[in-house]
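User: I have a model open and would like to go through it with you. Can we start with how far to trust it, then look at the packing?

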Amino acid sequence: MMKTPLMPKATAVWLIEKTSLSFEQVADFVGMHPLEVQAIADGEVAQGIVGYDPVANDQLTREEIARCEADPAARLVLTERSIPLPKQRSKGARYIPVAKRTERPDAIAWLLRNYPQLSDPQIVKLLATTKETIAKVRDKTHPNTANIKPRDPVTLGLCTQTALNEAVGTANDRQGGGSAAQAQPRDDAAA
């Protein structure tokens, strides 16, 4: 895992304004592309961002900056912090637009028909739905059962083809040796 300073863009602004480091050195330290650092220096990017002093915030030392200013091939090294950084939060639940939520039962029906090997938790994760909804679609007790038409969740925009292929591959492996070729829907489902 590459360690980058806190507030990388603001740190880049400060390093550009207060030091004579090259764009490559600054870019390598803050984890940006050298052209983006050059755009910051030209005033095209990060307008209005106040520089964040990495020396005052124990991310760099003056000696480290002086060492890298003297040698253009040298790279800045982030100072080890005695206080651990907080862990990154997960993104949380995936948002499905209201207009797409009515299409979930169709996608559930399609997955149940074409990939019966998928477990309920896999379908929950793929379509951001609940086990209760899956059970109602499977048992045909869903309030909208009469209008449910099995449709591919990828074409509906409820999941990606990659995520579907991974879930099917996992389900096939769990059932005893499947291949990526089995990630295609059955031919009788094309109707």
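User: What kind of model is it, and how are residues numbered?

Analyst: It is a predicted model: local features need pLDDT of at least 70, side-chain atom pairs count only at pLDDT 80 or more, and totals for chains, interfaces and linings use all residues. Residues are numbered from 1 along each chain as its sequence is written, and side-chain values use heavy atoms, with hydrogens and water left out.

User: What is the mean pLDDT?

Analyst: The mean for the protein is 85, and 87% of its residues reach 70 or more. pLDDT is the predictor's confidence in each residue, from 0 to 100.

User: Where is confidence lowest and highest?

Analyst: It is lowest in helix α5 (residues 98-101), with a mean of 81, and highest in α6, at 95. Helices here are DSSP runs of H or I with at least four residues, numbered from the N terminus. Over residues 187-191 the pLDDT is below 50, and beyond near neighbours in sequence that stretch has three contacts in the model. A contact means heavy atoms within 4.5 Å.

User: On to packing. Which residues have the most contacts inside the largest nonpolar core?

Analyst: They are L111, Y115, L118, I123, L126, L127 and L164, in a core of 21 residues. A nonpolar core is a set of buried Ala, Val, Leu, Ile, Met, Phe, Trp, Tyr and Cys residues joined through side-chain atoms within 4.5 Å. Buried means under 20% relative accessible area, exposed over 50%, and partly exposed in between, using a 1.4 Å probe and protein chains only.

User: Which elements give two or more residues to it?

Analyst: Those are α6, α7, α8 and α10. α6 gives the most, with five residues.

User: What is L118 in contact with?

Analyst: Leaving aside neighbours within four places in sequence, L118 touches L111, I123, L126, A167, V168, A171 and R174. There is also a second, separate core of 19 residues, which includes L21, M32, I40 and L60.

User: Back to α7. Which of its residues are buried?

Analyst: In α7 (residues 120-127) they are Q122, I123, L126 and L127. Seen down the axis of α7, these fall within an arc of 110 degrees, so they line one face of the helix. The arc is taken from the directions from the helix axis to the C-beta atoms.

User: What covers them?

Analyst: The cover includes α6 (104-114), α8 (131-139), α9 (153-156) and α10 (161-176).

User: How many aromatic pairs?

Analyst: One. Rings of Phe, Tyr and Trp (its six-membered ring) pair if their centres lie within 6.5 Å; planes under 30 degrees apart count as stacked, over 60 as edge-to-face and the rest as tilted. The pair is W110 with Y115, edge-to-face, at 5.8 Å centre to centre and 70 degrees between the planes. W110 is buried at 8% relative accessibility, and Y115 is buried at 2%.

User: Last topic, backbone. Where is phi positive in a residue other than glycine?

Analyst: M7, in the segment before α1 (8-18), has a phi near 50 degrees; M7 is partly exposed at 45%. K140, in the loop between α8 and α9, has a phi near 60 degrees, and K140 is exposed at 63%. Just after α7, A128 takes a positive phi of about 55 degrees. Most residues other than glycine have a negative phi.
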